[in-house]
Amino acid sequence: MKKWLLLSMAFYSANLLAFPHANPVPGGIAIIPVAPLSDKTPIVQYAGNRVTVVPLDSEWVAVIGIPLDADTGTQQLDTSTGSIPFQIQAKQYKTQRITIKDKNKVDPDDESSQRIIQEQAAQKQIKTHFTEGDAQLDFIKPVPGRDTGRFGLKRFINNQPRSPHSGMDIAAASGTSVKATAAGRVLHTDDFFFSGNTVYLDHGDGVISMYAHLSKINVAAGDTVQQGDIIGQVGSTGRATGPHLHWSVYLNGEAVDPALFLSSKK
Ligand SMILES: [Zn+2]
């Protein structure tokens, strides 16, 4: 076999390793070919938001975040040359019941409710941020530890129904270092009512990760980070039952299951 062919195969498999698993269900990821590879990345939208588009072998493929509340069946991807249909399959998520001691974090007073409305609007802007350029899809788990709250769980907090779980909870002691899941830029840091001390990282082309309930934040907006850089420490700020890392990943503004980005490597 010729040397160049071996090299290109090695590159191809490395490229595949850095790819999320496709699972076209609510809260999952659809990977859909949109055009033959060219020197210009196609512009693709889903439900009005820009979609991550990356090269794979001889094609441009869209890496679509499917909303947790998406309808199953045929959905449309919008491109400059027309729409491309793709299918969403059904998924049933389990229920989780948790107890929060701080009553105001469950039934917020008027002042807190005002704060929550403003923060949710700000966070929506952050999650849908789109930086033109190459997407980093090679992810590591930000802290080692047991998953204690899987993505998508239907939640009852103090017996009251609440939004489904938008990330992965990883058990870790307070003060444990939190690592950047991939290279990128710090998009925003803040102390939010529910997510506490929070860092958002921009991994390019609409790929965003978020780290919540931190006891300490080590970075500031605009900082460049490499994969594995320490961005903060595990804590229990915001609405939390105890110290853990809540880790979310957003594609086209939609929270998707972070586990889909983790291959067998640790
Ligand atoms: Zn969580």
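Reader: Where do Glu119 and Arg115 lie, and how many residues apart are they?
Author: Both are in helix 2 (residues 110-127), four residues apart, which is about one turn of the helix. Keep in mind that this is a predicted model.

Reader: What makes the pair Glu119 and Arg115 a salt bridge?
Author: The cut-off is 4 Å between a side-chain nitrogen of Lys or Arg and a carboxyl oxygen of Asp or Glu. Here the closest N and O atoms are 2.7 Å apart, so the pair is within the cut-off and counts as a salt bridge.

Reader: Why is Glu119 called buried?
Author: Buried means under 20% relative accessible area. Glu119 has 12% relative accessibility, so it counts as buried.

Reader: And Arg115, is that buried, exposed or partly exposed?
Author: Arg115 has a relative accessible area of 34%. Exposed would take over 50%, and buried under 20%, so Arg115 falls in between and is called partly exposed.

Reader: How many salt bridges does the structure hold?
Author: There are seven. One of them joins Lys141 and Asp147, whose side chains meet at 3.0 Å, N to O. Lys141 is partly exposed because its relative accessibility is 24%, and Asp147 is partly exposed because its value is 27%.

Reader: What about Arg185 and Asp202: how do you know that they form a salt bridge?
Author: Their closest N and O atoms are 3.9 Å apart. The limit is 4 Å, so this pair still counts. It also links distant parts of the chain: Arg185 sits in strand 14 (residues 184-192) and Asp202 in strand 15 (residues 196-202), 17 residues apart.

Reader: What are the domains of the protein chain?
Author: The domain assignment gives domain 1 (3-88) and domain 2 (95-261). Their centres, taken over C-alpha atoms, are separated by 24 Å.

Reader: How do you know that the two domains touch, and how many residues are involved?
Author: Contact here means heavy atoms within 4.5 Å. By that rule, 21 residues of domain 1 are in contact with 21 residues of domain 2. Between them the domains bury about 1,700 Å², with 63% of it on carbon and sulfur atoms. On the domain 1 side, Arg50, Thr52 and Leu68 lose the most area to domain 2, together 33% of what that side buries.

Reader: How many salt bridges and polar contacts does the rule find across this interface?
Author: It finds one salt bridge and seven residue pairs in polar contact. On the domain 1 side that touches domain 2, strand 3 (49-50), strand 4 (52-56) and strand 5 (59-65) each supply at least two residues.

Reader: What makes Glu132 and Arg50 a salt bridge?
Author: Their closest N and O atoms are 3.0 Å apart. That is within 4 Å, so the name applies.

Reader: Why is Thr52 called buried?
Author: Thr52 has 0% relative accessibility, so it is under the 20% cut-off and counts as buried. Thr52 is found in strand 4, and its side chain reaches the backbone oxygen of Asp205 at 2.7 Å. Not counting residues up to four places away in sequence, Thr52 touches several residues, including Val61, Phe130, Gly206 and Leu251.

Reader: Why is Gly73 called partly exposed?
Author: Its relative accessibility is 23%, so Gly73 lies between the 20% and 50% limits. Gly73 is in strand 6 (residues 73-79), and Phe86 is among its contacts beyond four places in sequence.

Reader: What makes His165, Asp169 and His246 donors of the zinc ion?
Author: A donor is an N, O or S atom within 2.8 Å of the metal. The atoms here are His165 (NE2), Asp169 (OD) and His246 (ND1), at 2.0 to 2.1 Å, so they count as donors. In sequence the spacing is H-x3-D-x76-H, and both His165 and Asp169 are buried.

Methods:
Residues numbered from 1 in each chain as written. Predicted model: local features only at pLDDT ≥ 70, side-chain atom pairs only at ≥ 80, totals over all residues. Heavy atoms only, no water. Donors = N, O, S within 2.8 Å, 3.2 Å for Na, K, Ca; no water. Buried < 20%, exposed > 50% of the residue type's maximum accessible area, 1.4 Å probe, protein only. Domains from an automatic or database assignment. Buried area = accessible area lost by both parts, 1.4 Å probe. Polar contact = N/O pair within 3.5 Å; in protein donor to acceptor, adjacent residues only side chain to side chain.
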